[in-house]
Amino acid sequence: MATLAEPTQRKHRSRIAQFFANQRNWMPYIFVAPFFITFAIFQLYPLLRSVGMSFQESVGYTGKWEWVGIANYVEIFTDDENFGVAVKNFVLFAAGSLITEIPFAIALALMLSSRTLKGRGLFRTLFFVPSVLPGVLMGLVGVWFFSEARGLANALVVALGGERIKWLSLREYILPNMLTIAFWQWMGNHAVFILAGIGGIDTSVIEAATIDGATTWQRVRYIVLPLLRPVLAFVAITVVTGSLRNYDIPAVIFTGTGGAGMGGPAGEGWFFLPYITDAAFNRFRMGYATAIGWVVFAIAIVVTGFQLRLFQFGEAAE
Amino acid sequence: MTANMVNNTTLGDSRQPQKRVKIGYLRRQRILLTTFAVVISVIFLWPFFVIVGTSLNKIDAPMNPLLPWPKAFTFELYEKAFSPDYHFHNYIWNTVWVVTVIAVLSTFASALAGYALAKLQFPGRKVLFGIIVVIMLLPTETMLVSQFVVLRDLKLVNSFWGIILPAVGGGAFGIFLMRQFMLQVPTEMLEAGRMDGCSEFGLFSRIVTPVMKGPILVLATMSVRGAWNSLLWPQIVLSETSKQLLMPAIVRLRSLTVADPYALHIATAVGIMSALVPLVFYMYSQRFFVTALAGALKG
């Protein structure tokens, strides 16, 4: 590049001028600037500000705040049954989703990867589609499916000789409903990720095993699954963080069934984001909601870190 | 052209090397497996068929919930959604323009940043990429209250810009994905462009973008889907009824189920219509999706 510059002028240039003389030096910063600027204003600054907010309480909706020390955090851990409900629901929902979605997703991915199957692309699309749909629509599908009088679930129950069940208004069905909808929405999505992972496996390894007489099951168990560890880690982390962010489905299912708002039947249906939203914008306790946000933030980091460890992600990704 | 990279790996047909003798067996296996796949995908999608049928049914003629066809066919619910009582055309229009602005700008910003992080040499590149990865793993939604407070201080509450501005810079995941793809752009191509006197931005717009159409389309699809489907943030930022976006409007109508016998039905019909947007984008870009996902996972 330097050969192009005129030798006489070059000496007099300051370093700054030199830096700006070649757009190769500064253009990259312009290219990454939009993200970092919007991130700084709308995410990082609020994040820093929320540290202080969590030790304060908002005075109604006025924009005035007063310091309350650690009272918010004390309240979360000693005097808030609903937060306890949200923690319990998160744990059960995350564990339930892992148990129900991942084995089926693996099985589906194996089936979709088989050359014996015709129309693989079409099936892949069909199973992936629910995860593209709005969460709101998935919630509505759930509302209809579990409707007491007009639902498919009860029609099946009745056809099998049972009594109609009040799926949506009894607390013991909160998690089963939620897990059913989540299964619909996400299982195919996980399967496509796993399928992509299977595509990345070196076929010669599998062929070698086949020649050595390994059965289908042995090949899956001892070659494919271990090689899929990074993908499975990714999927598992998606499932758990997704459970942490669960909002749309409770918002659709629980509002309109009368009374309890986003807390669900008997207030047993709280999840983190509905609860934070409710505290901040229905009860106008923004400081308290922020403190809950921090506790959930901490939970998320611990859980994700634990999962990365568990799957030895660092090692798998070199 | 559905035969993507994924399909070349086989797990189920171990006896293949033995050829000819087994052709009849293979064909039978193929028919069995394909039938099985058809059956489970129909079961899997059945509730969707039923809900579409429900949205085309007169509300006072309850249909058999086991079957997807309406008992008394009508477009009434869809028509009502656009009537002055429900004015969903307003919400749809709000959403269309907000989502268009977000999708165009954020896709552009993510692609540009991903390109810079993958192909350009500059001090701080590794650090910035590290920051992107960390951001990607942080659950920033938990901070929505302070985000709202900052937005209120900026006078952006109850303004569409409160939805648009935070999103236009692109997202960490989008940038990460783009960066993984941009690594494939041959450096010699860029060098050749520079030799010919192409500006840095010209390299991106004239050399990189045409090669990266597929990935950019995937990113645009994800961005449309995210903005179009989002419920929580627009619910908080736009509380004035006339300014609502589609998803919050559907949920608000659904919450009136007890007071208005049409509420849940119309909410459902609109919900089905609203699904068409992400669906169409996905269908159009889906052939790039699997490769996109595989590429992202390699990081």
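View 1. Of the contacts in chain B with a separation of 6 or more, 70% join residues 24 or more positions apart, two residues being in contact if their C-beta atoms, placed from the backbone, lie within 7 Å. This is a predicted model, in which local features need pLDDT of at least 70 and side-chain atom pairs count only at pLDDT 80 or more, while totals for chains, interfaces and linings use all residues. Residues are numbered from 1 along each chain as its sequence is written, and chains are lettered from A, and ligands numbered from 1, in the order in which they are written. Chain B has 13 helices and zero strands; helices (H or I, at least four residues) and strands (E, at least two) are DSSP runs, numbered from the N terminus. Of the 299 residues in chain B, 44% are buried, a residue being buried if 20 or more other C-beta atoms lie within 10 Å of its own, exposed if 12 or fewer, and partly exposed in between, with C-beta atoms placed from the backbone.

**View 2. Helix α10 of chain B.** Helix α10, residues 213-229 of chain B, has 17 residues and reaches 24 Å from its first C-alpha to its last, close to the 24 Å expected at 1.5 Å a residue, where the expected span is 1.5 Å times one less than the number of residues. This helix of chain B is mostly covered, with 13 of its 17 residues buried.

**View 3. The contact between chains A and B.** The contact takes 91 residues from chain A and 87 residues from chain B. On the side of chain A that touches chain B, helix α3 (residues 23-53) gives the most, with 20 residues. The residues on that side of chain A divide into 56 nonpolar, 26 polar and nine charged; Ala, Val, Leu, Ile, Met, Phe, Trp, Tyr, Cys and Pro count as nonpolar, Asp, Glu, Lys and Arg as charged, and the others, Gly among them, as polar.

**View 4. The surroundings of A:Ala191.** A:Ala191 is one of the residues with the most contacts inside the largest nonpolar core, which has 160 residues; such a core is a set of buried Ala, Val, Leu, Ile, Met, Phe, Trp, Tyr and Cys residues joined through C-beta atoms within 7 Å. Helix α9 (residues 174-199) of chain A gives the most to this core, with 14 residues. Leaving aside neighbours within four places in sequence, A:Ala191 is in contact with A:Ala105, A:Leu108, A:Ala109, A:Leu112 and A:Phe127.

**View 5. The loop that holds A:Ser147.** A:Ser147 lies between α7 (135-145) and α8 (152-159) of chain A, and counts as partly exposed because 18 C-beta neighbours are inside 10 Å.
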